[in-house]
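Visitor: Please take one part of this model and go through it closely. I would like to follow how that part sits among its surroundings.

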Amino acid sequence: MKIEGARTILTGASGGIGQALARELANHRARLALVGRQEERLASLAKELQAMGCDAIPVIADLTCKNGRDGLVEQMQKQFDGTDILINNAGMSAFCSFVQTDPEVEEQIFRTNVLAPMQLTRAILPGMIEQGAGRIVNIGSTFGSIAFACFTSYSASKFALRGFSEGLRRELDGSGVGVTYIAPRAVNTELNTAAVKQMAERVKMNMDEPSSVAKQIVQVIEKDRKERYLGFPESLFVRLNALFPRLVDSALRNQNRVMQTFTPQHPK
Ligand SMILES: NC(=O)c1ccc[n+]([C@@H]2O[C@H](COP(=O)([O-])OP(=O)(O)OC[C@H]3O[C@@H](n4cnc5c(N)ncnc54)[C@H](OP(=O)(O)O)[C@@H]3O)[C@@H](O)[C@H]2O)c1
């Protein structure tokens, strides 16, 4: 997919991966709607990108609300007269044992990571189908293929996003609209609390910088790839878990015990 000139919605543009991705897309001359709830961050990012010559607008929207999604679709139409690329990047996580996870947080995780991307895609798709071209890009996670202890609700949401991506890709086959699912491994952003970062260091979990993840995401979009798991050996473990899940159960057993000791609720 040609990124230059592509009318692009980037959700989660105020976050770690989102800001880096916005800069990378601006370098490739995409036209950008930068979506999130943090007005100041989005305004200052838009200003920075505009100074680079990029056609970028901030769009303040809570994507879990219909009003927020409708307002975004309206602004896209008004500003760019349609959409070529939708990047569903906004997301949230929780690091907590399943039993102690607040059900309201769990609902918010599913609303943000699963329902908002599905509903926003439904709002944008008719225009893409009509123009016979477009790409939906869903930002998943390694945890969407290998579920981890203490990230059970988050993992389940990313499994759902992967399932959505696969079903939609098959449904849209031949329409000219493509679907890409990209799964980064851990990334150094605010999504991961201090406790998660300490745990990651202790269990030697690889953690990428947002700028390198952003570069890889743009390459994947340019190449029209259907699916991509970022990082090695994580991409290999994804295949192994699909074929030999019991083997991965054993491999993760000790790590899971250590991880649990870092959850905020664990007795110290
Ligand atoms: N960091 C990692 O380790 C990692 C690894 C693999 C995959 N991922 C995935 O990568 C994506 C980006 O994560 P990140 O690390 O960049 O996280 P982040 O820094 O915490 O950013 C999260 C972004 O999501 C937006 N967001 C959350 N709820 C929203 C809502 N209701 N409405 C609109 N926007 C909302 C936030 O915007 P506002 O706060 O402005 O609303 C923010 O821009 C997520 O889908 C995440 O699951 C992250």
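**The ligand site and its surroundings**

Guide: In this predicted model, helices α1 and α5 (152-171) each supply at least two residues of the shell around the ligand. That shell has 30 residues, and the closest are S14, R37, Y154, V187 and T189.

The side chain of R37 places an N or O atom 2.5 Å from an oxygen atom of the ligand. N89 uses its backbone instead, with an N or O atom 2.8 Å from a ligand oxygen. L191 also takes part through a backbone N or O atom, 3.4 Å from an oxygen atom of the ligand. On its own the ligand has 880 Å² of accessible area, and the protein covers 94% of this.

Next comes helix α2, which spans residues 39-51. Its 13 residues, at 1.5 Å a residue, should span 18 Å, and the end C-alpha atoms are 18 Å apart, so expectation and model agree. Four residues of α2 are buried: L42, L45, A46 and L49. Viewed down the axis of α2, the buried residues fall within an arc of 100 degrees, which means that they line one face of the helix. The general rule behind such a pattern is that an α-helix has 3.6 residues a turn, so residues three or four places apart point the same way. The face of α2 turned away from the buried side carries the exposed residues E40, K47 and A51.

What do the buried residues of α2 pack against? Their partners are α1 (16-27), β2 (31-36) and β3 (56-60). Just after α2, G53 takes a positive phi of about 95 degrees.

The last stop is strand β4 (residues 85-88), which holds I87. I87 is buried, its relative accessible area being 0%. Leaving aside neighbours within four places in sequence, I87 is in contact with T8, I9, L10, T11, L21, L25, V137, I139 and I221. One of these, L10, is 77 residues from I87 in sequence, yet the two C-alpha atoms are 5.0 Å apart in space.

Notes: Residues numbered from 1 in each chain as written. Predicted model: local features only at pLDDT ≥ 70, side-chain atom pairs only at ≥ 80, totals over all residues. Heavy atoms only, no water. Expected span 1.5 Å × (residues − 1). Buried < 20%, exposed > 50% of the residue type's maximum accessible area, 1.4 Å probe, protein only. Arc of directions from axis to C-beta. Contact = heavy atoms within 4.5 Å. Near = heavy atom within 4 Å. Polar contact = N/O pair within 3.5 Å; in protein donor to acceptor, adjacent residues only side chain to side chain. Areas by Shrake-Rupley, 256 points an atom, 1.4 Å probe, with all protein chains shown as cover.
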